[in-house]
Amino acid sequence: MRRSIRGAGAIAGAMAFVLVAVGGWFGYRQWAGSNCSGELTLTVAAAPEIAPAVKETAADLTADGAEVDGLCVAVEVTASEPVEVAAAIAGQHGVSLSGVGQASGSAVLPNVWLADSSTWLLRLRQQAPAFASRNNASVARSPVVVAMPEPLATTVGWPQKKLGWKDLLGQITTGTQLKTGLVEPSRDAAGLAGLLSLATAAQSGGGARAQQATTAALRALATGVSAVREELIARFPRATDPTSLARGLGAAALSEEEVIKFNAEKPPVPLAALYLEPAPISLDYPYAVMPGTEPAKAEAAGKLFAALGTPAFRGRLAGQGLRAPDGTWAEGFAPPRGAPSPAGTEPAPTTAAPNPGGTAGGGDGATIERVLSSWSVATQSGRMLAVIDVSGSMFERVPTANNATRMQVTLEAARRGLALFDDSWALGLWIFSTELNGSRDYRSLVPIGPMSSQREELEGALGRITPKRGGDTGMYDTILAAYRAVQDEWEPGRVNSVVLMTDGKNEDADGISQATLLAELKRISDPDRPVQVIIVGIGAEVSKAELDPIPKVTGGAAFVTEDPAKIGDIFLQAIASRPSAPR
């Protein structure tokens, strides 16, 4: 307890603390003479850096006699990494978040979730529209900064010069010796905020050059990505000599709280916090009451939320290196040198606005998924056979894409993906309809080979593809043949996959049935040589129910959009869904 208590008050306070510590809330109520008829337990999962302040405030709330319907309120606060809770919620809704994976067995769904950023809520709502948490108001704030060792920061004008994300982008992509890094952005909110800001800076020029700049930035960042925050922070230099500074990490997107915590240890090389413009999405610690929370517990959650708006809680935040929701700080906060106040006060991300409050990087769920999918494709390697539908229906026009044909929007999506693949990829290209090669429904245009030697050949082949007038969709025969082709030349250490894009359903009366296809895929599958099938369906004629069972037997998935204009995003999302290569 933080308050100084004397005499009898100290004894009572000590007894209360012991009872709280052992979870004896109801016993304490009885001892204190409460009229509670029972106990109501509210479970809270809070990001580790805010959990101590929430625990202390919850203890005060219960000690002060909070009740709901005659029941004493007990609050169980667990320090939980946001990525683990997000994975558990996604699993509950039968969806997955890019790069997050499955929840660990220890993950528990709480009544209230205090993640570090609203971007987690946006990502969940994007994938699971039925997920609708309540309240969602910010209870704390920590701006996302670029952390640099102070000796390096002075060389770029810190603390006098105000820098922007374009300045950092130039440092990253022009071959300088500045070593940059971030925590895997699909699993870390500060890393995601930095990635969104850099992607926005790269895209500001527009056109093909913007795509090239974005890809270059993603690949440069990927060389310094870390799985967890502790791993990233450990790479900062620990000595002031030129060699240590040159070898160590030079810049990374972190929360202001992490910089404060690092510097509190009095390291030989402190970190400077650079508040780049435009401001990235800050960590805003939304208070999310989970869907399905029973009314009594929702009322208890409201009482805790009110307690988290008090000066006492703000003082506890300061001790943890966190700001109040308005971006100011209370007494006890140790701001980095040059820290503005208020800061990080841009509007919280919403699904309604793609670029809220003028902040760097889109804040809506679709933009976040698009950037994360691009990141995944640009930073992973693989061996893939792309199979494109050229049936007659691909001549149809797409009103939402300036009346381009389905074939044109599909090929443009393929070109975008091709631009993201680096030379470590191996890629091949097939087309399919019906009777494209004698009685065969498919034809190979470019065999699977390294991008380093056949990028131009693939680009040329894409440019020559045209639909077959009157051609139907020979999907099942094609999938089986493509699976066998990838499996026959399977390569270890890579994700071996088939990605098929189609605007229809199987129409080949002379081909195999779906039942035969599924049985054959199961028969020839080899756990030592896994091949993942991914299907991208576009247009209202596509039946997801028909497609889903096929990739499922291979560990893949089907992605469908009724609007063909959205195939670019769906295509990237589909490729990003591939698992990491086995090690």
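Colleague: In what order do the six strands of the open sheet lie?

Modeller: Strands of a sheet pair through backbone hydrogen bonds, either parallel or antiparallel. In this predicted model, the order is S2-S3-S1-S4-S11-S5, with mixed pairing.

Colleague: Which strands stand at the edges?

Modeller: The edge strands are S2 (67-68) and S5 (134-138). Each has a single partner strand, so one side of each lacks a neighbour in the sheet.

Colleague: How many bridges join S2 to S3, and do the two run parallel or antiparallel?

Modeller: S2 and S3 (residues 71-79) run antiparallel and are joined by two bridges. Within this pair, Val 68 is found opposite Leu 71 of S3.

Colleague: Which strands does helix H3 touch?

Modeller: Helix H3 (residues 51-63) packs on the sheet through S1 (38-46), S3 and S4 (112-114), and its direction makes about 170° with that of S3. Helix H5 (residues 119-127) also packs on the sheet, where S4, S5 and S11 (286-289) are touched; the angle between the directions of H5 and S4 is about 125°.

Colleague: At what angle do H5 and H15 pack?

Modeller: The angle between H5 and H15 (residues 365-379) is about 90°, and their axes lie 8 Å apart. Angles of 65 to 115 degrees count as roughly perpendicular, and H5 and H15 are therefore described in that way.

Colleague: Which residues make that contact?

Modeller: H5 contributes Thr 119, Leu 122, Arg 123, Gln 126 and Gln 127, while H15 contributes Gly 365, Ala 366, Ile 368, Glu 369 and Leu 372. By class, four are nonpolar, four polar and two charged.

Conventions
Residues are numbered from 1 along each chain as its sequence is written. This is a predicted model: local features need pLDDT of at least 70, side-chain atom pairs count only at pLDDT 80 or more; totals for chains, interfaces and linings use all residues. Side-chain values use heavy atoms; hydrogens and water are left out. Two strands pair if DSSP finds at least two bridges between them. Helices (H or I, at least four residues) and strands (E, at least two) are DSSP runs, numbered from the N terminus. Contact means heavy atoms within 4.5 Å. Axes are lines fitted to C-alpha atoms, for helices over the stretch in contact, and angles run from 0 to 180 degrees between N-to-C directions. Angles under 35 degrees count as roughly parallel, over 145 as roughly antiparallel, 65 to 115 as roughly perpendicular and the rest as oblique. Ala, Val, Leu, Ile, Met, Phe, Trp, Tyr, Cys and Pro count as nonpolar, Asp, Glu, Lys and Arg as charged, and the others, Gly among them, as polar.
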